[in-house]
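Please have the model open as you read along.

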Amino acid sequence: MSPTPTSVVICRTVAEMHQAVFQARSNGHTIGCIPTMGSLHQGHASLVRVAAERHNFVVASIFVNPTQFGPSEDFERYPRNVKSDLVILQQAGATHVFLPSIQEMYPVGVASTIHITGVTEVLEGASRPNHFEGVATVVARLFQAMLPDEAFFGQKDLQQTLVIKALVAASSDNAVARTKITVLPTVREHDGLAMSSRNVYLSAEHRQQATVLYRALVSARNMISAGETSRIAVEQEMLGTLSKVGDLTIDYAVAVDADTLRCPTDDLPHTIALCVAVRLGNTRLIDNMLVEHPR
Ligand code: AMP
């Protein structure tokens with residue numbers, strides 16, 4: 001364990017992490033954790049701030065997890081900025097950061113993985129084969145390392161939150177099964193674009209065009225609030241808004257049940273997740289909004 005200029009304590013191994021957690025517990029502290037891939041922004045900071053309101057030991061992990069990237073995805077070029085991450089973490093109230101190497105997380109390679117069924121087959125799971133297997137596997141390992149009482153995730157990655165809740169519900173490992181999962185709202189730029197580490201990939205022109213995701217979600221939400229009950233009509237509204245941007249390829253734009261991420265009928269469910277995924281140039285962007293049907 002080494003103190004840093006920011007005073008956030010860095011733990012690089014599971015053993016160091018456990019030592020810090022055991023010490024904190026013996027002082028009666030509770031543990032809040034925030035798993036991240038680094039390149040932190042105010043979305044991540046909002047999770048840390050809430051964790052710091054509830055726990056005296058707040059650990060964020062920074063680990064760009066290779067197993068959740070597909071072979072043609074951006075693992076190599078994913079932005080890495082540990083120095084500025086440490087500043088953001090300290091300002092938001094983190095006490096510790098877990099910064100493991102790939103070797104530390106996968107000491108014998110990827111010998112076994114965790115496959116969650118039910119919520120992983122659709123949307124991101126359909127577009128990114130094995131992505132959620134990588135997510136579930138690494139989150140279980142991160143929980144085993146950080147031993148949290150509560151773990152904080154962003155609604156920005158809605159499907160991921162459902163996968164992690166399913167992981168916790170299905171786990172026979174106490175370190176995973178005992179973790180309370182808390183989901184916090186998406187933090188947005190002033191023009192509505194959801195903050196994301198990947199936004200730095202966007203050219204100035206694409207950055208401006210990217211606001212269309214938020215506009216598509218808002219127009220769909222407005223339709224539902226005005227009483228629209230047809231899923232197809234709402235999805236067509238989102239597709240219509242998104243398709244006005246020339247450079248953009250739509251992966252999906254759907255209105256689905258917020259728990260199952262499916263909607264087999266044209267009748268909208270009571271709690272709706274509006275979910276969009278697009279590609280702008282080489283950058284894949286996702287966003288979502290939850291809406292209660294007024295009926
Ligand atoms: P990542 O570093 O992208 O893996 O994200 C780490 C955590 O931060 C995940 O739980 C994300 O859902 C969450 N997160 C990412 N972007 C935002 C945002 N704009 N607002 C709130 N949480 C976010």
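Predicted model: local features only at pLDDT ≥ 70, side-chain atom pairs only at ≥ 80, totals over all residues.

Residues are numbered from 1 along each chain as its sequence is written, and side-chain values use heavy atoms, with hydrogens and water left out.

| Salt bridge | N to O distance |
|---|---|
| R128 and E73 | 2.6 Å |
| K180 and E150 | 3.8 Å |
| D287 and R188 | 2.8 Å |

To place them, note that helices (H or I, at least four residues) and strands (E, at least two) are DSSP runs, numbered from the N terminus. Buried means under 20% relative accessible area, exposed over 50%, and partly exposed in between (1.4 Å probe, protein chains only).

Start with R128 and its salt bridge to E73. R128 sits in the loop between helix 5 and helix 6, and E73 in the loop between strand 3 and helix 3, 55 residues apart. R128 is buried at 10%, whereas E73 is partly exposed at 29%.

Next, K180 pairs with E150. K180 belongs to strand 6 and E150 to strand 5, so this pair ties together parts 30 residues apart in sequence. K180 is partly exposed at 48%; E150 is buried at 4%.

Finally, R25, D149 and R178 are joined in a network of salt bridges.

How values were computed: Salt bridge = Lys/Arg side-chain N within 4 Å of Asp/Glu carboxyl O.
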